[in-house]
Amino acid sequence: QDSEKPKATDSVALHPEAEDIIAQLDTLYDPVDGYSIARDVRKKMREDGHIAESASLQYGEIDLQSFKSLLLALPIAENATTLTIVDVGSGTGKPVFIAALHQAFAKSIGIEIVEELHQVAEDIKSKLPQWVEDKCELVKGDLFDHGDTWLAADVIYCPCTCFTDDMLTNLNDMLSKTKPGTIIITTTRRLTNKDLRKKSTKRYKYKRGSLDFHVYVRKLKSDKRSAQEAKVDNPNESKQASTA
């Protein structure tokens with residue numbers, strides 16, 4: 001369950017003030033209705049004739065404690081302190097701020113295309129302790145226009161539940177440019193990029209309902225060699241597979 005008590009090791013990975021700041025975030029987000037904001041934006045886009053573009057701007061918010069649990073479960077070295085995480089589709093900023101509470105991340109970046117949601121995140125960021133502000137960066141723009149930012153990250157969070165098929169294909173193609181060892185997290189939709197190794201799938205609580213979160217790791221070069229060597233050692237394997 002996502003509401004399980006923190007494990008003893010959790011205190012190692014989180015900033016000592018983490019729970020106090022999560023409580024502050026709960027208070028700051030209480031009057032914010034990101035769903036209504038996104039709905040109004042989609043309505044305006046449809047009225048302006050941008051029907052196709054509005055379809056991909058479906059909105060969702062993960063529960064703060066759930067995202068904290070998700071990050072704690074990632075395959076990250078305990079002594080890591082210099083990693084960068086990027087949320088591509090950061091909405092009102094919840095994952096960005098929660099990631100900043102994790103000791104492994106020196107930088108937490110959010111990219112959001114909807115101006116109104118981006119402004120909410122900026123407003124909340126300004127009310128957080130200075131050290132949290134310093135770790136967070138919020139970018140207004142389309143994730144596909146900011147590939148240089150997120151493809152270089154150590155962890156990429158991509159809430160892609162409502163991506164169009166074309167967007168998902170583009171995402172899969174771009175992920176080949178990530179560095180070996182990069183961790184990629186997606187919601188609902190599974191990735192098909194052969195450079196990625198699936199690590200886990202777990203259901204986490206969202207503000208409304210729950211979603212499956214898939215965790216992948218960019219394969220190391222040695223993984224590719226091993227796969228190629230396996231084909232050399234078993235030359236009939238591909239033939240058997242094709243006739244199965």
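Predicted model: local features only at pLDDT ≥ 70, side-chain atom pairs only at ≥ 80, totals over all residues.
## Phe213 and its surroundings

Setting aside neighbours within four places in sequence, Phe213 is in contact with Ile62, Leu70, Tyr157, Ile185, Thr186, Thr187, Ser200, Thr201, Lys202, Tyr204 and Tyr206.

Phe213 belongs to the largest nonpolar core, which has 45 residues. Within that core, Phe213 is one of the five residues that touch the most other members, along with Leu25, Ile76, Phe97 and Ile185. Helix H2, residues 18–29, supplies the largest share of this core, with six residues. As a general rule, nonpolar side chains in soluble globular proteins tend to be buried together.

## Overall make-up

The protein contains twelve helices and seven strands. It has 244 residues, of which 46% count as buried. Among contacts with a separation of 6 or more, 71% are between residues 24 or more positions apart.

## The sheet

The seven strands form an open sheet in the order S3-S2-S1-S4-S5-S7-S6, and the pairing is mixed. At the edges are strand S3 (136–140) and strand S6 (196–205), each of which pairs on one side only. From one strand to the next, the twist averages 15°. Helix H5, residues 64–72, packs on this sheet. Helix H5 touches strand S1 (83–88), strand S2 (105–112), S4, S5, S6 and strand S7 (210–218), and its direction makes about 155° with that of S6.

In general, the strands of a sheet pair through backbone hydrogen bonds, in either a parallel or an antiparallel sense.

## Strand S4 and its partners

Which strands pair with S4 in the parallel sense? One is S1, which runs parallel to S4 and is joined to S4 by three bridges. Another is S5 (residues 183–187), which pairs with S4 (residues 155–158) in the parallel sense over four bridges. Tyr157 in S4 is the bridge partner of Asp87, and Tyr157 also stands opposite Ile185 in S5. The chain passes from S4 through helix H10 (residues 165–174) to S5, making a right-handed β-α-β crossover. Cys158 has Thr186 in S5 as its bridge partner.

In a regular strand, side chains alternate between the two faces of the sheet. Strand S4 is covered on both faces: Val155 and Tyr157 are buried on one side, and Ile156 and Cys158 are buried on the other.

## Cysteines

How many disulfides does the structure hold? The count is zero. Cys158 is in no disulfide, and the nearest cysteine sulfur, that of Cys160, is 4.5 Å away. The cut-off for a disulfide is a pair of cysteine sulfur atoms within 2.5 Å.

Cys158 has a relative accessible area of 1% and is therefore buried. Cys136 also counts as buried, because its relative accessibility is 3%.

Ala153 is found in the loop between helix H9 (147–150) and S4. Is Ala153 buried or exposed? Its relative accessibility is 1%, so Ala153 counts as buried.

Ala153 and Ile85 are 68 residues apart along the chain, while their C-alpha atoms are separated by 5.7 Å. Leaving out neighbours within four places in sequence, Ala153 is in contact with Thr84, Val86, Lys179 and Thr182.

Ser108 lies in strand S2 and counts as buried because its relative accessibility is 1%. Apart from neighbours within four places in sequence, Ser108 is in contact with Ile85, Pro95, Val96, Ala99, Ala100, Lys135, Cys136 and Glu137. The C-alpha atoms of Ser108 and Glu133 are 9.7 Å apart in space, and the two residues are 25 residues apart in sequence.

His118 lies in helix H7, residues 115–125. With a relative accessible area of 7%, His118 is buried. Which residues is His118 in contact with, leaving aside its neighbours within four places in sequence? They are Gly91, Glu112, Leu138, Val139 and Lys140.

How values were computed: Residues numbered from 1 in each chain as written. Heavy atoms only, no water. Pairing = 2+ DSSP bridges. Helix = DSSP H or I, 4+ residues; strand = E, 2+ residues; numbered from the N terminus. Axes fitted to C-alpha atoms, helices over the stretch in contact; angles between N-to-C directions. Contact = heavy atoms within 4.5 Å. Core = buried A, V, L, I, M, F, W, Y, C linked by side-chain atoms within 4.5 Å. Buried < 20%, exposed > 50% of the residue type's maximum accessible area, 1.4 Å probe, protein only. Right-handed = clockwise from strand over helix to strand, strands pointing away.
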